Amino acid sequence: MYHRLPHKYKEFEGMQNVIYGKGELVYVGNGWRSITGRIITDKEEAIQEAKYLDRLYTLNSIRIAAKRSSYR
């Protein structure tokens, strides 16, 4: 779980969510919920999905930062 306030992480301590950087998949009882709505039952696949989400966040933040600086 990514949060700008570090003390907020304690609320999610002990949960089975898969977290990689800013990418997170929530555990829903029988697997992890993907952003597409499907349930992933394999933990390794869930980790790969979280890595992919983190990569999307990173690329998008770089794109937005480059767009902002181009207007100056």
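Let's start with two strands: S3, covering residues 32-33, is joined to S4 by 2 bridges, and the two run antiparallel. Within that pairing, Trp32 has Ile40 in S4 as its bridge partner. Keep in mind as you look around that this is a predicted model.

Now zoom out to the whole sheet. It is an open sheet of 4 strands in the order S1-S2-S3-S4, paired antiparallel. Its edges are strand S1 (18-20) and strand S4 (39-40), each of which pairs on one side only.

With a relative accessibility of 8%, Trp32 counts as buried, because the cut-off for that is under 20%. Tyr27 is partly exposed instead, at a relative accessible area of 30%. The structure holds 1 aromatic pair, and these two residues form it: Tyr27 and Trp32 sit edge-to-face, 5.2 Å centre to centre, with 65 degrees between the planes.

Trp32 and its bridge partner Ile40 also turn up in the largest nonpolar core, which has 7 residues in all; the others are Val18, Leu25, Ala46, Ala50 and Leu53. Helix H1 (residues 43-70) gives the largest share of this core, 3 residues.

Stay with helix H1 for a moment, as Glu49 lies there too. What is the nearest side chain of opposite charge to Glu49? That would be Arg38, 4.2 Å away. Glu49 is buried yet has no salt bridge, because a salt bridge needs the charged atoms within 4 Å. Leaving aside neighbours within four places in sequence, Glu49 is in contact with Leu25, Ser34, Ile35, Arg38 and Ile40. Two of these, Leu25 and Ile40, belong to the nonpolar core described above.

How values were computed:
Residues are numbered from 1 along each chain as its sequence is written. This is a predicted model: local features need pLDDT of at least 70, side-chain atom pairs count only at pLDDT 80 or more; totals for chains, interfaces and linings use all residues. Side-chain values use heavy atoms; hydrogens and water are left out. A nonpolar core is a set of buried Ala, Val, Leu, Ile, Met, Phe, Trp, Tyr and Cys residues joined through side-chain atoms within 4.5 Å. Buried means under 20% relative accessible area, exposed over 50%, partly exposed in between (1.4 Å probe, protein chains only). Lys and Arg count as positive and Asp and Glu as negative; His and the chain ends are not counted. Contact means heavy atoms within 4.5 Å. Rings of Phe, Tyr and Trp (its six-membered ring) pair if their centres lie within 6.5 Å; planes under 30 degrees apart count as stacked, over 60 as edge-to-face and the rest as tilted. Two strands pair if DSSP finds at least two bridges between them.
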